[in-house]
Amino acid sequence: MVAAAQHPQIKLLTYCELDEVNGYIGNFTVSIRQKSRYVDHDKCTGCGTCWEKCPSKITSEYDQGLGTRKAIYVNFPQAVPNKPVIDAANCRMLNSGKCGICQKVCPTQAVDFEQEDSIFPESVGAIVVATGFDLLAWDKVYGEYGYGKYPDVITGLQFERMSNASGPTGGKIVRPSDGKEPKNVVFIKCVGSRDESKGKEYCSRTCCMYTAKHAHQVLEKISDSQAFVFYMDVRTPGKAYEEFYQRSVQEGAQYIRGRVSKIYLKGNRLIVKAADTLLGRPVEVEADMVVLATAMIPSEGHAELAQTVGITVDKDGFFQEAHPKLRPVETNTAGVFLAGNCQGPKDIPDTVAQSGSAASKVLALMSQDELSMDPMISNIDEEFCSGCLSCQAVCPYRAIQPETVTYRQGGQTMERTVAAVNSGLCQGCGACTVVCRSGAANLKGFSNEQLLAEVNAICR
Amino acid sequence: MSIIQGKNKQWQPLIVGFCCNWCSYAGADLAGVSRMPYPPSIRIIRVPCSGRINPQFVIRAFQRGADGVLVSG
Amino acid sequence: MKRIGVFICWCGSNIGGVVDVPGVAAEIAGISGVLCSTDYKYMCSEPGQDKIIKAIKDDHLDRIVVASCSPRLHETTFRKVLERAGLNPYMLEMANIREHCSWVHASDKEAATQKAIALIKRAVAKVSQLEPLFASHIPVTKRTLVVGGGIAGMQAALDIADAGQEVLLLEREPTIGGKMAMLDKTFPTLDCSA
């Protein structure tokens, strides 16, 4: 993170949204919205006085609801940039006009309640989309695990926050309900993954490995602890992965093949009922905590982003690569590349590899001063074009725009609208030629005349 | 081709295939690479996208005696 | 008057073992506008390419049909040949008589030969209609936008920036790091994620 922040060639635009993308490969114009932070980051030194004094306590999204933060906050002590923003929805000053403590205590007068969103344009030649994933909201669908009503049934990401030394518990694994150390920890894999009825059809690919890691961490950090893992299959296709899984088994993680059918509360412990499908008998485990390996889904807002950037999504909402084997980081929009989980669930090694691949595609593009464009693209004859713009509606690449042309008629200069093709955007599919009623649109290299001549010749 | 000819066992239909360069044309290439035999009655015309296929091309094929048209993309 | 040259490839025995290539060449030579119809063992090889270039110059050909493998394989190769001979590279049409003919109709050589003729006639019909095309050139803005500041975005940004290119790294949250920064140790090496 620090490497990215300090790199002289990287400009960080945090707390920003991508509002609009126009243009084409090599020549994109994007509109970026800087969301209001209510803190002037040029003045702020990140001293932390403001968030110490802020009286509002809010559940921390970053800590997955396990900790609290203030209304003026940084997500974690090592955050980059390590300067706060004000959460407008929860700030007393912004909502009721009463408070302003952070402004009073700030030694550099960096707090500015008047700050507004600002929108600015940027020109770029390539776009890498790396918007990542979110976790499936298991508590909306898995009634058998309590719909989220048991505080000690948590997700793998919540477990990560707890075991992270800069997380809400300072690295201690505890039960969210009473803060006590759990002795029996149950892990359930494939919660939402490989479950067509309640979740997703696909495998999330990372859960087998992080569950093995979590089991190892429980056994390592908590003395006399037991870790039970309920699984459908153990999938460890990666270098040193199988060895890692075997290690956690040898350390004592008990793997039980079977789905958990019910979790319920008995006293202050959770009873986990399941079937061991290898032994063919029911099992019951008294657990202090249950960790769910929930499915990875495209991050919130992915559909809107796909629309903005002009890329396609697959049946699950992940961004579609141009070819699953041969063009895994390119999209169908030239100049837009994919990296990481936005394309499909993958772990850190695969993500890093894919990012490198996307970077090399970008660099190949950047190594050219000029791009030579395939001339086999659509051509619209202005004279015949009636300006109906039916072609604009069917163009999948947004390559057709109306254009006003002037012409002379009866000694007068007249104006009319015609369709114009952007040669940078047109991919030469020819959809426009088929809807064109006046025959003004034709495809160079695959023209109507050429194709009809082919049909004639082949049928003779 | 008439129906009477259709009863003749020697008769071979003429099928015109419009295939998208990026998928089914490549698929026909793959069939070749895999040496998957099929009847020689089909003749493929390459198009850049199935969206390029104007209904006029299909009609023209039938007018000129094609027995079938395959649109694939 | 169109001046068409047709070059039919044997592809060793891949085409030549099924299709009667010299017979096809003779048949095609009779089409109006075809000034030259010839065959060669490997048209994509250097002698094959030279044969095309020589014919273009000798017979003043202005458009070329190459009947060989799939255009998806060698269209670029033969466009370059045309360019070397001083023709517009887009005055080329290929007839796919290998993937779409000899390889799939190997059991019926006569039918394969007839189909090869039909496919080449199609290409001749198309090539007659071709017009020179010229590639347009557009400038490249040497700057990249990376959307998302998690591990994927940061890594891509660093790789691009390390090559000396400018990067804008956009993140909707107040801080970069994404989900990865939330993690504790990461498998399989159990090192930290910062």
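**View 1. The interface between chain B and chain A contains zero salt bridges.** In this predicted model, five residue pairs are in polar contact across the interface, both partners having pLDDT 80 or more. On the side of chain B that touches chain A, the elements giving two or more residues are β1 (15-20), β2 (42-47) and α3 (55-63) of chain B. By class, this side comprises 13 nonpolar, three polar and five charged residues.

**View 2. Chain B and chain A bury about 1700 Å² between them.** Carbon and sulfur atoms account for 66% of this area. Within chain B, the residues that lose the most area to chain A are Ile45(B), Arg52(B) and Phe57(B), together 33% of what that side buries. In terms of contacts, 21 residues of chain B meet 18 residues of chain A.

**View 3. Lys35(A) and Glu17(A) form a salt bridge through their side chains, at 3.0 Å from N to O.** Lys35(A) belongs to the loop between β3 (27-34) and α2 (49-53) of chain A, and Glu17(A) to strand β2 (residues 16-24) of chain A, so the pair ties together parts 18 residues apart in sequence. Lys35(A) is buried at 19% relative accessibility, whereas Glu17(A) is partly exposed at 25%.

**View 4. A salt bridge joins Arg269(A) to Asp288(A), with the closest N and O atoms 2.9 Å apart.** Because Arg269(A) lies in strand β16 (residues 269-276) and Asp288(A) in the loop between β17 (281-287) and β18 (289-294) of chain A, the pair ties together parts 19 residues apart in sequence. Arg269(A) is partly exposed at 24% relative accessibility; Asp288(A) is buried at 9%.

**View 5. A network of salt bridges links Lys11(A), Glu122(A), Arg143(C) and Glu166(C).** Over all chains, the whole structure has 39 salt bridges.

Conventions
Residues numbered from 1 in each chain as written. Chains lettered and ligands numbered in written order. Predicted model: local features only at pLDDT ≥ 70, side-chain atom pairs only at ≥ 80, totals over all residues. Heavy atoms only, no water. Contact = heavy atoms within 4.5 Å. Buried area = accessible area lost by both parts, 1.4 Å probe. Salt bridge = Lys/Arg side-chain N within 4 Å of Asp/Glu carboxyl O. Polar contact = N/O pair within 3.5 Å; in protein donor to acceptor, adjacent residues only side chain to side chain. Helix = DSSP H or I, 4+ residues; strand = E, 2+ residues; numbered from the N terminus. Nonpolar A, V, L, I, M, F, W, Y, C, P; charged D, E, K, R; others polar. Buried < 20%, exposed > 50% of the residue type's maximum accessible area, 1.4 Å probe, protein only.
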